[in-house]
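The following paragraphs are intended for a reader who meets this structure for the first time. Please keep the sequence and the structure in view while reading.

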Amino acid sequence: MIEFRNVTKKYPNGTVALNNVDLRIDDGEFVFIVGSSGAGKSTLIKLMLREETANSGVVKVNGKNLGKMARYKIPKFRRSIGIVFQDFRLIPNMTAYDNVAFALRVTNVRNKEIKRKVPYMLNLVGLSSKMKCKPEELSGGEQQRVALARALVNSPSLIIADEPTGNIDPELSYEIVDLLNEINKLGVTIVMVTHEHDLVEQFNHRVITIDEGEVIRDTEGLEAQLC
Amino acid sequence: MLNSFFYLVGQGFKNLWNNRLMSIASVGVLTSCMLLIGAALLLSVNISSVVDALEDQSEAIVYLEDNLDSDEREEVRDGIVATGKVATIEFISKHDALLSMMESMGDDGILFDAYDDNNNLPDSYRVTFHDVSDLEITVAHITALPGVYSVSALTEVAEVITGIKRMVYIGGAIIIGLLVAVSLMIIGNTIKITVFSRRREVNIMKYVGATNGFIRLPFVVEGISLGIISGAISYGIIYFAYDYLVKWVSSQNATWFSQIISDLVPFAEVSQYLLIGFIGGGAFIGLFGCVAFIGKHLKV
């Protein structure tokens with residue numbers, strides 16, 4: 001579960017990125033967070049990942065109060081979340097296999113287990129034939145699927161996707177969100193930030209709209225499409 | 001745990017190859033710095049060895065008063081040794097002094113043959129010193145000893161030697177210190193660039209949940225390896241260059257060259273210190289550089 005209570009985030013240059021935000025995302029939900037550039041979506045994600053801390057208010061993810069979390073506990077916390085970025089963030093000199101395996105290695109998983117899990121995940125995202133390819137040898141859509149496999153490999157209860165379709169073709173975008181949709185059906189909470197309204201409309205999920213650092217609309221699936 | 005450790009060490013070596021251009025640049029910079037430091041060290045050691053040899057050759061003649069018996073002569077000897085700066089001390093009787101003088105005059109020396117029974121030359125001690133600093137004070141102290149008539153010593157030469165020695169020590173330390181400081185700055189910047197070029201990689205690792213130690217270890221392996229490789233290359237170059245220098249100098253006919261070569265410190269005498277210094281120093285710089293400069297990129 002994700003909970004924001006009266007959260008305000010102000011950067012040192014004076015920009016108020018989030019202003020008194022209240023929101024709650026329950027386990028197993030699929031939520032789109034939409035808004036224009038500079039609305040505060042990225043800050044929302046940074047707070048969820050404990051990359052930033054709020055100036056005031058409480059941010060809780062998976063029951064942990066991130067404002068009070070000690071620095072040394074952050075790595076373990078992040079392992080419980082799958083993260084997907086717009087620019088994929090794959091390690092350039094590692095193969096698709098190694099990029100996915102890396103997420104397991106940081107949790108000290110045995111080699112035997114890695115050899116079993118990684119091909120399974122890459123197969124799940126349809127890339128079993130490209131395990132030995134490096135990121136530069138893959139298309140944008142394929143790179144994003146590797147990133148998705150990496151996010152999934154530790155069996156997280158929550159996946160945070162920050163504009164995962166921003167760098168790929170519209171057709172592939174649908175495939176990626178559809179894949180996330182399938183993962184959600186397995187009980188994984190999905191929080192996806194996007195500014196592609198067309199894509200949002202194709203899926204019947206909750207939509208939180210942010211503008212100038214405030215939640216201006218929070219609608220359920222069908223309701224969102226009617227707006 | 002061991003599983004991860006071996007993986008990370010392996011990653012460190014893999015990264016050396018994957019980032020080979022940066023690795024070569026780092027080794028180049030490290031090696032250049034170590035060569036400069038090594039050359040400065042060898043120069044300083046050699047100058048100091050030449051000065052030490054000159055120091056060993058400086059001597060004083062302590063002339064004794066007439067008619068001292070053997071006990072009184074021994075007392076003077078003990079007094080001279082008590083200064084704590086004496087390397088050797090040799091008694092020269094008035095008879096030996098006359099013979100030596102006659103010998104130095106060659107054929108004309110026979111003119112002094114008749115003086116053997118009426119020898120006015122004094123008994124003396126020939127003293128060499130292992131430390132000629134403050135020789136003037138030492139000479140004054142010996143002159144004041146009961147039974148000493150006078151002391152003849154080249155105190156001005158001793159002062160020059162002491163001055164050179166001090167200059168070599170202080171100058172050498174300053175030059176080497178500056179070189180080490182400059183090297184650290186250059187190496188620091190090289191490591192900074194290396195880490196900066198891979199900040200994205202570090203950033204990704206943090207998002208996936210890697211601990212700082214997990215991210216640092218391959219960098220540490222890389223840093224230490226680069227340091228050791230540079231140390232070994234520097235040692236090899238210095239070894240062959242010094243050996244070549246010694247051989248080249250000894251092949252020259254000029255006598256002053258022969259003089260220098262006889263005083264050049266053999267490489268074997270300093271080799272182990274250089275090897276430990278280069279490899280240990282290189283490994284330390286590599287390790288320190290990586291740990292220090294990567295920290296900034298870990299705050300994600």
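What radius of gyration does chain A have, and what would a compact globule with 227 residues have? The model discussed here is a predicted one. In it, chain A has a radius of gyration of 17 Å, and a compact globule of 227 residues would have one near 17 Å, so the two agree. The C-alpha trace of chain A spans about 45 × 40 × 35 Å along its principal axes. Eight helices and ten strands make up the secondary structure of chain A. Of the 227 residues in this chain, 52% are buried. When contacts in chain A between residues at least 6 apart in sequence are considered, 67% of them join residues at least 24 apart. As for charge, chain A carries 30 positive and 29 negative side chains, with the centres of the two sets 13 Å apart.

Within chain A, strand β9 (residues 206-211) deserves a detailed look. Five of its six residues are buried, so strand β9 of chain A is largely enclosed by the rest of the structure. Which strands pair with β9(A)? One partner is strand β3 (residues 30-34) of chain A, which pairs with β9(A) in the parallel sense over four bridges. Here Phe32(A) has Val207(A) in β9(A) as its bridge partner. Another partner is strand β10 (residues 214-219) of chain A, which pairs with β9(A) in the antiparallel sense over five bridges. In this pairing, Asp211(A) stands opposite Glu214(A) of β10(A). The strands β9(A) and β10(A) form a hairpin, with two residues between them. In the turn of that hairpin, Glu212(A) has a positive phi of about 45°.

A single residue illustrates this setting. Thr209(A) lies in strand β9 of chain A. Is Thr209(A) buried or exposed? Its relative accessibility is 13%, and residues under 20% are classed as buried, so Thr209(A) counts as buried. Apart from neighbours within four places in sequence, Thr209(A) is in contact with Val34(A), Glu214(A), Val215(A), Ile216(A) and Arg217(A).

Another residue of chain A stands out by its backbone. Asn6(A) has a phi near 50°, which is a positive value in a residue other than glycine. Asn6(A) is found in strand β1 (residues 2-10) of chain A. With a relative accessible area of 41%, Asn6(A) is partly exposed.

The description now turns to chain B. Its secondary structure consists of ten helices and four strands. In sequence order, chain B follows the pattern α-α-β-α-β-α-β-α-β-α-α-α-α-α. The radius of gyration of chain B is 31 Å, well over the 19 Å that the globule rule gives for 300 residues, so chain B is more spread out than a compact globule. Along its principal axes, the C-alpha trace of chain B spans about 105 × 45 × 30 Å. Buried residues account for 41% of the 300 residues in chain B. Of the contacts in chain B with a separation of 6 or more, 84% are between residues 24 or more positions apart. The accessible surface of chain B is about 16800 Å², and 65% of it belongs to carbon and sulfur atoms.

Where do the buried residues of helix α7 (residues 199-208) of chain B pack? Seven of the ten residues of this helix are buried, so α7(B) is largely enclosed by the rest of the structure. Among the buried residues of α7(B) are Val202(B), Ile204(B), Met205(B) and Tyr207(B). The buried residues of α7(B) pack against α2 (74-79), β6 (81-85), α3 (96-105) and α5 (140-152) of chain A, together with α8 (212-251) and α10 (267-294) of chain B. Just after α7(B), Gly209(B) takes a positive phi of about 105°.

Two further residues of chain B complete the tour. Asn67(B) is placed in the loop between β1 (59-64) and α3 of chain B. Its phi is near 60°, a positive value in a residue other than glycine. At 76% relative accessibility, Asn67(B) counts as exposed. Ser70(B) belongs to helix α3 (residues 70-81) of chain B and, at 45% relative accessibility, counts as partly exposed. Ser70(B) and Val45(B) are 25 residues apart in sequence, and their C-alpha atoms are 43 Å apart in space.

Conventions:
Residues numbered from 1 in each chain as written. Chains lettered and ligands numbered in written order. Predicted model: local features only at pLDDT ≥ 70, side-chain atom pairs only at ≥ 80, totals over all residues. Heavy atoms only, no water. Buried < 20%, exposed > 50% of the residue type's maximum accessible area, 1.4 Å probe, protein only. Pairing = 2+ DSSP bridges. Rg over C-alpha atoms; globule rule 2.2 N^0.38 Å. Contact = heavy atoms within 4.5 Å. Lys, Arg positive; Asp, Glu negative; His and termini not counted. Charge placed at Lys NZ, Arg CZ, Asp CG, Glu CD. Areas by Shrake-Rupley, 256 points an atom, 1.4 Å probe, with all protein chains shown as cover.
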